[in-house]
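Biologist: Could you take me through this model, with the cut-offs spelled out as we go?
Modeller: Gladly; here it is.

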Amino acid sequence: MQCQANTKNSAAAPVEPDILPSLVKLLESVRKEFDADREVAKALLVRAASLLRVEIDRQATDIDPQNRVGGLASWQVRRLNVFIEARLDQPIHLKELSAISKLSTAYFSRAFKLTFRETPHAFIVRHRLERAETLMLTTGLLLSDIAARCGFADQAHLCRLFRQRYAKSPAAWRRERTDIRGHGADRDLRMAGIVGANDADQW
């Protein structure tokens, strides 16, 4: 029986057949567009990141043996991931999610929490924040535009939830990471002892 269980576990987490080819195509397109049109390349990277998040969530739920008792089935997880990822910029209602899963709202909520270890609301907010992170790092969009693209009511809504999770504002989080990228070359020069003392002091 133990051998049987191990076989099931090892077979439970193969990558969805459509995911890898799609990722390869997206990344190849990024490579081609990177010098010609950075904005197109960034948009493709956002899409690739979304696909990876869907696959990571799917594998995490398939691997966990507790999900088989009272949790969502694999087909339900796949449908929910695809639906939520595609609708992050719009309102998502519990009734819609339960209908996709072909479950009553009450049963769906329990099964979802058992499967994902968080409520549907928390899951959606986390994915919206993750998309906001990606957009902040790969685009020059204003925070108000990012909030709209990620399904937040407005910029203040994004800022409030972002602070709750990261204990800092989106602007500060973004600035820290863009500063690191922008000054990476200077830091390397300083490490090599090429930058003068005055420049190092300004850093």
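**Helices and their packing**

Biologist: Let's start with R149; which helix does R149 lie in?
Modeller: R149 lies in helix α8, which covers residues 143–149; helices here are DSSP runs of H or I with at least four residues, strands are runs of E with at least two, and both are numbered from the N terminus. This is a predicted model, in which local features need pLDDT of at least 70 and side-chain atom pairs count only at pLDDT 80 or more, while totals for chains, interfaces and linings use all residues. Residues are numbered from 1 along each chain as its sequence is written, and side-chain values use heavy atoms, with hydrogens and water left out.

Biologist: Is R149 buried, exposed or partly exposed?
Modeller: R149 counts as partly exposed because its relative accessibility is 46%, where buried means under 20% relative accessible area, exposed means over 50%, and partly exposed is in between (1.4 Å probe, protein chains only).

Biologist: And what does R149 touch?
Modeller: Leaving out residues up to four places away in sequence, R149 touches L88, D89, R131, L135 and L141, a contact being heavy atoms within 4.5 Å. R149 and L88 are 61 residues apart in sequence, with 7.6 Å between their C-alpha atoms.

Biologist: Switching to α4, which of its residues are buried?
Modeller: The buried residues in α4 are Q76, V77, L80, N81, I84 and E85. They lie on the same side of α4, because they cover an arc of only 150° around the axis, the arc being that of the directions from the helix axis to the C-beta atoms. The face turned away from that buried side carries the exposed residues V82 and A86.

Biologist: How do α4 and α5 pack?
Modeller: α4 and helix α5 (residues 94–101) pack at an angle of about 140°, with their axes 9 Å apart; axes are lines fitted to C-alpha atoms, for helices over the stretch in contact, and angles run from 0 to 180 degrees between N-to-C directions. That makes α4 oblique to α5, since angles under 35 degrees count as roughly parallel, over 145 as roughly antiparallel, 65 to 115 as roughly perpendicular and the rest as oblique. W75, Q76, R79, L80, F83 and I84 of α4 meet E96, L97, I100 and S101 of α5.

Biologist: What about α5 and α6?
Modeller: α5 and helix α6 (residues 105–116) pack at about 85°, with axes 9 Å apart, so α5 and α6 are roughly perpendicular to each other.

Biologist: And how many helices and strands overall?
Modeller: The chain has 12 helices and 0 strands.
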